[in-house]
Each structure stands twice: as C-alpha cells, then as structure tokens.
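Subject: Handing over a structure, with notes on what was found

Dear colleague,

Please find below the structure that I promised to pass on to you, followed by my notes on it.

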Amino acid sequence: MATLYVSPHPDDFRSLLALIAAEFCPSSCPRIVSEDPPASLNARSRPALALTAAGDGDSVLSGASAVAWYLAFQGKRAGVDSKQQSQVWQWLSFADNELTPVSCLQQTSRAELMRVLKVLDQALAPRTYLVGESLTLADMAVATAVLLPFKYPSDRKAVTNVTRWFTTCINQPQFLKVLGEIALSANVAVDSNSPAANGKPSPPKTEAQLKKEAKKREKLEKFQQKKEMEAKKKTQPAKPEKKELGVITYDIPTNPGDKKDVVSALPDSYSPQYVEAAWYPWWEKQGFFKPEFGRKSISEPNPRGIFMMCIPPPNVTGSLHLGHALTNAIQDCLTRWHRMRGETTLWNPGCDHAGIATQVVVEKKLKREKGLSRHDLGRENFIQEVWKWKNEKGDRIYHQLKKLGSSLDWDRACFTMDQKLSYAVQEAFIRMHDEGVIYRSKRLVNWSCTLNSAISDIEVDKKELSGRTLLPVPGYKEKVEFGVLVSFAYKVDGSVIVATTRIETMLGDTAVAVHPADPRYQHLKGKFVLHPFCARKMPIVLDDFVDMNFGTGAVKITPAHDHNDYEVGERHNLAFINILDENGLLINVPPPFLGMKRFEARTAVLQALKDRGQFKEIKDNPMVVPVCSRSKDIVEPLLKPQWYVRCTEMGKQAADVVREGKLKIIPDHHLKTWFNWMDNIRDWCISRQLWWGHRIPAYFVTVNDPAVKPGEDMDGHYWVSGRSEEEAKEKAAKRFNVSVDKISLRQDEDVLDTWFSSGIFPFSIFGWPNESQDLNVFYPGSLLETGHDILFFWVARMVMMGLKLTGKLPFKEVYLHAVVRDAHGRKMSKSLGNVIDPLDVITGISLEGLHAQLTDSNLDPVEVEKAKQGQKSDYPNGIPECGTDALRFALCAYTSQGRDINLDVNRILGYRHFCNKLWNAVKFAMKTLGDNFVPSEKAQLSGEESVADRWILSRLSAAVALCDSGFKAYDFPAITTAVYNFWLYELCDVYLESVKPVFIRADEDSATQRQAEVCRQTLYTCLDVGLRLLSPLMPFVTEELYQRLRRRKPQTDPPSICVTSYPDTTEFCWNSEEIDRNMEFAMTVVKTIRSLRADYNLTKTRADCYLQCIDAATVSLLQKYSLQIQTLSYSQAVIPLTAEQPVPEGCAVAIASDRCTVNLMLKGLIDVEKEVTKLMTKKGDLEKQMEKLREKMAKNDYKEKVPAKVQEQDAEKLRQSQTELQKVTEAIENFKKMM
C-alpha cells in the first residue's frame, strides 16, 4: 500500500489538496502519516507519496502538484481526455502561481486578491465546475488555495460565482471528510484575537520566517509588475481595423418581386444590407425555385435526372437557432447545386404541428391573457384557439428561412395538420391497425404529470447528477432531493437489505430479486418478505438480471414503475401495482400515504422506515434523472393503456436495406448506431394524452346485445378504426355479427405522437394515398439531410413507414451533419446564454440587445444572470453584422463529417471580410475590363495566353474539380476551401497583381494590346466561373456581382446566376500539373525575395535581384516568369544567372530551393553600420533570452513540476530563438562584407 506523508497543520493547503485527492480514489487510498518522510525516501517536501517500499527513491513523488495529480489520475479526476487534462494543468498553475501568493498574504494585498478572484469568478460564470461537467483536480487545487481567504473574514459578495462554486466543492463528501464543516465568514475584519487587534506587539520572527517572507514579497512584486504590464497593454489603444464595417443600404424604389437595379454603380465597399435587398422576392416571383422552371412539365424526362429533398419540418412554435441555420445552409447549397446542374429540382418546405410544444405555448397564453385553462374552454374551443395562434404566429419561421436565402418551393409548403396531410395520417393508422401492426397494450410509458401526457424519449432530457442535488419540480414550493441511494431492510429470516433512489416507489414493491447463483441468499429460495406498511407478502425471486456485486446483491422489484422491474414482473408473473395517478398523487397505498404528492411521500416513507427501525443508510449516488424538456417535470415510468406499433419486422427491413446497399447512410460511422437500434428495436408507443394533434381514429365498441359480453379497454378485439364513425360502426357490426343499430362507439380521446405524422412526411406532402403527378415524379426522394441526433426518432421511422405503406424507400441517401456547439464546445443552452439567433448574426446585435432577449425569455432570474455573464464573456461588444452569405459560408466551412461543430461566431466575421475582398476584386476587374469589353461566346483557350493566364486557368479548373467532387461526397469544407483559396490566394493575391503591368502597357503597340485582350478574356472567365462556383454557398453577393457582368450570349443566357449552369469538369479541363509546378517554383522565389526585403527593412525601395540557378533549364524557366517575379516581389530588375556567372558584391543571400539562390543587391540602399548596430543589439537580447530559458530548463525539478505542455512551449521558444539568432548572425556577417 502507498503511504502519503502530510503536514499536521490544519491550514497547510498543499497537504489538504493531497488528502482530498486521495479521497477520490477509495479503491487505492494510501495510508496517511502526519510526519516527515524517512530520510531514506529522499523526499524533498511534504506532501510526499511513497508508492512502494521505503528506500526505493524512484517510487516517491514530492510536492502537492505531483502527488495530487497522481492521486486524481487514479481516481479519474484529472480530465476525461487530453484537452481536459491540459485545462486541469492550467488551473493547477493558476492556483500555484497566481492564487496562492495573494491568498497567503491576503491582509497585505487584498486588492490583488480580489483582482485574482474576479478572474476566477468570470471563468466560473457559465459553469458549475472549472473543467468539464464534474469535479476535477482543478476544482480541488483552486478550492484549497482559496480556503484561507474564505475560511477567515473575507468579502465574498463581489465574487458570487466563486462563492457558489466553493460552497459546492466543500460540501462534497470527500472535502467534508478532510476539512469537516466549514463556516464561512461574510465580513471583512481583522481577527480580534490577533496581537495587532489587541495592541500587543507580535512575537519576534525567526530568521527562517523573515527569509521566507522576503522571498514571497519578491515573488509577489514580480507578479504584480507582470500584471501591471499586462494591464498597460490592455489600456493601449488597439490597432484600428483597416476599414470600419460600413452600413450601406439599398434605397432605390423597387416593388417586391421586381428585379433590383443593377445599372447604378456598385457601392465602394461590401455591405450585407445593400447586397441582400430585393433579390429573394424576385427569385421567388420568377419561379426559379420551382421544379417547373424552364420546362413544360415536371413529368417530361430529364436526362440530367431529378433531385428531391424535403425539409425536416421545424416546429410551428419554433424560432431559428444556429442548428437550423446549419441544416438549411447545407440543404440549400445542395439544392442550388443540383438546380444549377440542370436537374429537375424540388426542395419541399413544411412545418410540424409540434403537439406538446404548441399546446404548452397556447395554454400559457390562455392563462396569462384570460386566466383560463384548456379544460375551462373545452376541447373544440381550445383547438380553435390553437389554430388562431398558428395563423397569427405560425409562419414566423418561414420568414426566417427566406432571410437565410433558402430556395424552397413555397407553393408546395405543407403543415402536418393540413387536411391533405391529416387524411394521410388517418389512412396510415387505419391500414396499419387493420393489419395488426398497430395494437393496444398497457405498458410503461414516459409520463409527465404536469402535461398529463406520455412523452417520447427525445422529449426527455437526461440530467446527470454527481451526488446529492436539490432540483426544482413544478408544483412543489421546496426543491426536491435527488442523487442519493436509500438502503432499508425487508424482514425475512432476519432481514434482506435493498436500496433505491426513489424510496416512495417501495409502496408499489411486489418482490425482491436475487441472482440464482448468489450463495448469500440460497436459504431464501421460495420464501417471502413482508411489506412493512400493508402486510403484503412478496416473493423472493431468482433472476439473472441482478448484479451480485452491486450493493447487497438484493433488488426491490416495482414492476409498475420501473422499466427493468417491468420485465422481471413479466418473467415471474408478479403483481403490477400502480401507485401514481396521472397528476402524481399516490393511489393504491395505505394511509397516511394515500393521496400524497409523490415527492412529499418520499419524505414520509423515509421517516416511517426510520420509525420502524428498517432504515439502514442514505448516501450520495451519481445518477441520471429524466426531466421533461417541455414542462421541466421529473418524468415518471407509468403503466398506461396506449397504442403501439409493432416494429420488429419493420426494423429488420430498415436494417436490411442498409446492409444491402439500397439505402446509404453518410458518414458511415453512424451505421453501428443504425444497426444497434434496428436490430434491438422495441415497439413504439404512439399515443399522446393531448388535444392538439391528429386524434386517433380508433373507437371502443359497446354492443347493445346480451349475447355479446362487454369488452375491456385492453382487449383489442373491442377496438375498431375507421375514416368516419359510420365506417367504424360497419366494421364493428361485421366483427360481432350484429346489426349496425346495436353498435355504440366511443372515440379514443388521445392524439398521435408527432413523430407518426413526421414519419410519413416524405409521401404525405404529395397527397398519398391518392395518386398525383408530384407523388409519381418526386417519390421516392433523392436525399434526406438532417442532424445525427434524430437518426432514430425521425429517419428510421420514415424508412420503416415508407417501406410499410408504399413499398418503397422514401429516399436513396441519408446525410447526417454534426451538432452545432459554441466556441467552447458546450451544448447550446438558453441558460448558458449561448443560443444565438442566426438573424442576430446576419444583422448584428448589441450586448444589451442579447441581454434583452434573455429578459423576455422564460428563464428564471438566476439562469438569466448566469446567461448574461456567458454573453458578456463571449460577446463583450455584441455581435457585428456579418450578413447571410458569410454565415452560410462559415457554417459549411465548419461542417466536417462525424464531429460536433464548435462554432465561434466571431470567426464568421472573417468571411464577411472575404465578401469585401470578393467585392473589391470584381470591382477592380470590371474597371480593368472596361465598358467596351465583349466576352467571347465560349470559355476556351486561344493559344496566346501568358504563363500567368495559363496558370490561373489551371487553378480555376482545379477549383472546379474540387467543388464537383466535394458536392458529390458531401465534403463541404473541401468546397469552401477550394473556392476561398482560388478567389483569395490565387486570383486576388497572385493573378490580379501579376497582370497589372500588362494593362499599364496595353496601349504601347499591337502586341501589347493583343496580350491585354487575351488577359481580359482570362480574367472574365475567372470572374464568371468563380462566381458560379460560389453561388450555392453565397447566393446574394454572387447574384449582385454576376448581374453586373456582361453575358457571353445575352439573348439566351439564363436571367439569374441561380439557374445558370454550374461549372463542369468536362468544360473546364485546363488543369496542368507542370504549369502549377512551375508557378509554385516561381512563387517560392518571390516569397524568398519578400522575406529578404523584410529582413533588411526594404519597405518601399526597389532592389535588383540576381537569381543564381543550378542549370540552364532553371534559368530559362525563371526568364519566362521574370515579369511575374519582378511584379510580385517589388524588385527593380530580375536577372537569372547560371552557376558559373558571378554575382556582384554587396548582396544579401537566401536559398529559395536546391535549384535557385536569391541575391538581393543592398549596396547603396541601406546604412550598413546602423543596421549592424541594430542587429548586434538584437543578437545580445536573443542570447540573454536563451540563457534564461536554458537555466529554467536545467533545474532539477523542471521535468517533474512543469506541465508537459509548458515544457513543449519552452522547447519551441528555444528552437525559434536559435533559428532567429542564426539568421541575425548571418545578416551581420553579410553586412560586414559590405563595410
């Protein structure tokens, strides 16, 4: 066993840290010794951890950080992955270097202490713990470092987040065991018992104490100097941006649907408000988004094919968030790409009636405005209120989708409660019920007592608790305790101890289960335990599901209130006693519990067990609590008669079509999840106890004939379904062989699960079961694109129901995109303040505006404040106006298959700057083309192109190929990278700069005129094709700029870029590896010259450049590119030389490659002595830095105490300094040669 040597002093926080860390690894907890370690251990300080026998020096860890890290790692509290472990190290460093010095000297440096605590407070604002979602070594280290200022008088009001977090930490059982109960003092005061307070002189300090304090003061002074320098840097005015983001608006009168003015001059700079105005209504009015555009009938054969995709219908109550924006950016890009490829293209919009969500919204509105409940109104009147709300507010999300540029065919928009779709839902239910696929059964469901309804798994949030936690529950004034395990005894031949996290459910226990092979309970086979409150005899059953090694190995069984227990109850034919009604009140239980609210009964049952002496213990227990996402109520498993869909056969079919390759799921790492769900699928509960939704077309039959015995609700024989009551009566009369007049019917009050209507959405939108042109042409669809989080809830059900009801797959491919998280990798959550409306990114919003949205939300005040802190941290200046195009481009650029997306809203601004670069490039190019320019009818090579022309056309062809393959593979980052690189790094940075001399000299003679004309045709091709490549991603800015370009065939070319052909690899096939390689070599030379110019500070002075080449072929190549090299490197003249030709003296030298050395003539251009002096100073500074770094790295405890990440950074700094020193030394030698 390991031995931990600690200090006996109660305030030695280093030892306390080690002790707390040890508590988190109970299985390997070391022996604690409060004395110095033996000399034989060679331990340098306490705490020290001896891992093996004394005397083995290699197995001793010294120092709080090393010991605590080892123990925390053993206890799995050092971070779940390398990223978290790095964060933990950072906090350890913070505790050691920043917090500890000021905590120990808090009375003499209170201002500094508060400054450091405020840094900590800000970091804790949006989180419960410092790293991840559970307590780690980071929390232990920082909490022990603030023990002194918090344990003794301190002002904690200024750091509420720290106080909240600190209280959470010190109340963990591991902390309590080491520290005991800590009473926090709230006032700033000097301890009345201290010598200073009593006016008594302090006892004289020892020499060692004085030395220690001097060392601390020195350390603190250095620390404060460092902080002052940082503060000074912060107060210095930031470098101004190159250009303020200007807001330019389009104010030329244009009626909605009319074409925007494209004759007026373009504004000086890009402005989203100007660019995005007026285009969408024109696109819509022209019918560009309809599959009928450009063809007589959608039925006519199209050799290019058909593309059909339906939108994942958003909730009618919904408002767009960045997750929706991602979905729509991807779907619209794909739709626009297919449309530009000439396919018959339909992207079908629609909206989901969102049963629970909508009913909750309207109920709250009724209560707020009229003080009424839905029961006060009655079912029919309430449904009328919902329709009224839907007609007033329900199309908001459509307006938001239009703002995103979504090219949906709005004439085909559907709502799941429309008559057409409602008829399809009814038909689907009846057909599946008649076939026996839908049946009635009494089983456990997820029940929300607040909503009085069963809810689906996707509406259940799984709240993870690390231990005892008080949670708010609707209908309860006080918070309710969760995260504890209560043990109690049932009496039988002594007693058997069981444990539960829901003690109130023991009132519904009907058995105790043990494992058949457990030797401890062999004597109890066939025996019964007695229920303490109702004298119920309960059998002890033997079942393999029991884990012998968990707890006592005995498990209480409550079949009516637990999913596992339900199956045990079925296997052993146990009684199912339901102890809860729909409102969460206790039934079928003895007094005094009868009629109690469920969580009040929790307290009462616990006390009653204590009174009877059967209570054993209560302890913290990590657990997951199911919470209703709509009502925030705790979800209860409840036995209810419901309608179910038999899924075994349909699930097998859904798995088989994927295994056989008929349905493709992309990316394929989701296949494992798919097969796991489909191969282990359970029957699907489709009943919901709501009023808003598709009422189940099923009727309970009562036969008014004494020859027919009355039926029970659970007997499926007494239920019929029908399209009308008359049809249902006829079915019932036929089934029971009586006349229709003897049949009475009662329609089921419940409605269908929303996912049922969503499951048939791909064909119900086209009028199924009735035949229609749309159904014949567009079903099955081509693609289903959505988030991977609804793979089972929606995608699987569409596949199953499509195959079942139509015999066809609803689509051929499924592309699942990643889930959007914030820049810190956290899930989007209103309470964190990181849920961003994409319209706020498009138009911009102030921090105050973000705060106002929180105030108007339904968050409680505590969550609002927490969210405000999160917003203040992430968006201190609000969100700047980025525009739709930049947002769409950013979302697609971030989308990588198989990963969550950590979206930094500030990065989107970078793509707005890209739009501005694009804008300026096209403006410059149009000016260069001139008013009289006429493009050739076809993009083709003339044979007269310069090396620069051939290169840019080669790069354009490469971009076309990359975009083509990217779209086909759903590789959106590849598409965005290709088009971004082409526009920014190839067209703007290289080609446009390199051809400027061509246009300057255009009028010198006929040869230069011809060269300029060829160059103009090349430039036009780049603009035309580059904008078309970008159009699916950035529809607004590309339309604005494309409309300004002349057409190759003005009479026949399409009116809009969105219906112009997408560039194809067969047309643009000019990619040449040789040309690319040659230009890459020339650009290497250019970069080397630029680097030399920067080294010698030649900002505006042009210098001659001698390029010494290894052979004649290289000389020839560089002569061919000399104009481009001269222009791009800002050189006076470029002179290629062979290896034998001498280079003039006075040149700076740099190697461009193994084929070429650059010699830049400096003689006469710079003050050599002055440059040497500057470089000598720099050399001295570098040598000092390197010496200091080497000293630090040479210390004995460097490798033990310094985090690995910091060690890597130090090594990299040293390497960089060595490289820089070498360059400086070489420069000095070169200058000395010129002196």
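Predicted model: local features only at pLDDT ≥ 70, side-chain atom pairs only at ≥ 80, totals over all residues.

A pair of aromatic rings is described by the distance of the centres and the angle of the planes. By the rule used here, the model holds 48 aromatic pairs. In one of them, F382 and W691, the ring centres are 5.9 Å apart and the planes stand at 70 degrees, and because an angle over 60 degrees counts as edge-to-face, that is what this pair is called. F382 belongs to helix 15 (residues 379-393), whereas W691 sits in the loop between strand 25 (687-688) and strand 26 (698-703), so the pair ties together parts of the chain that are 309 residues apart in sequence. F382 has a relative accessibility of 0% and therefore counts as buried, and W691, at 14%, counts as buried too.

To return to W684 and F756, their ring centres are 6.0 Å apart and their planes are at 40 degrees, so this pair is tilted. This pair also links distant parts of the chain, since W684 is in strand 24 (residues 684-685) and F756 is in helix 23 (residues 754-759), 72 residues apart. Elsewhere, one aromatic cluster is formed by W337, Y815, F967, Y970, F972 and Y1062. Some rings have a charge over the face: K402 lies over W410, at 5.1 Å from the ring centre, and K640 lies over W447, at 4.9 Å from the ring centre.

The buried residues in helix 15 are R379, F382, I383, E385, V386, W389 and K390. Seen down the helix axis, these buried residues fall within an arc of 155 degrees, so they line one face of helix 15. On its other side, E380, Q384 and N391 are exposed. Among the elements that cover the buried residues are helix 13 (355-370), helix 14 (374-377), strand 8 (414-415) and strand 29 (751-752).

In soluble globular proteins, nonpolar side chains tend to be buried together. Here the largest nonpolar core has 174 residues, of which F972, W983, L987, V1085, L1107 and I1125 touch the most other members. Leaving aside residues up to four places away in sequence, W983 touches F914, L918, V922, C988, L1023, G1026, L1027 and L1030. Another core, of 77 residues, lies apart from the largest one and includes L421, Y699, V703 and W755.

Finally, a few places in the backbone are worth checking by eye. The peptide bond from W768 to P769 is cis, with omega near 10 degrees, and P769 is in the loop between helix 24 (761-764) and helix 25 (773-778). The bond from Y779 to P780 is cis as well, with omega near 0 degrees. A278, although not a glycine, has a positive phi of about 75 degrees, and N573, also not a glycine, has a phi near 55 degrees. N573 has a relative accessibility of 71% and therefore counts as exposed.

With best wishes

Definitions and conventions: Residues numbered from 1 in each chain as written. Heavy atoms only, no water. Phe/Tyr/Trp six-rings, centres within 6.5 Å; stacked < 30°, edge-to-face > 60°. Helix = DSSP H or I, 4+ residues; strand = E, 2+ residues; numbered from the N terminus. Buried < 20%, exposed > 50% of the residue type's maximum accessible area, 1.4 Å probe, protein only. Lys NZ or Arg CZ within 6 Å of the ring centre and 35° of its normal. Arc of directions from axis to C-beta. Contact = heavy atoms within 4.5 Å. Core = buried A, V, L, I, M, F, W, Y, C linked by side-chain atoms within 4.5 Å.
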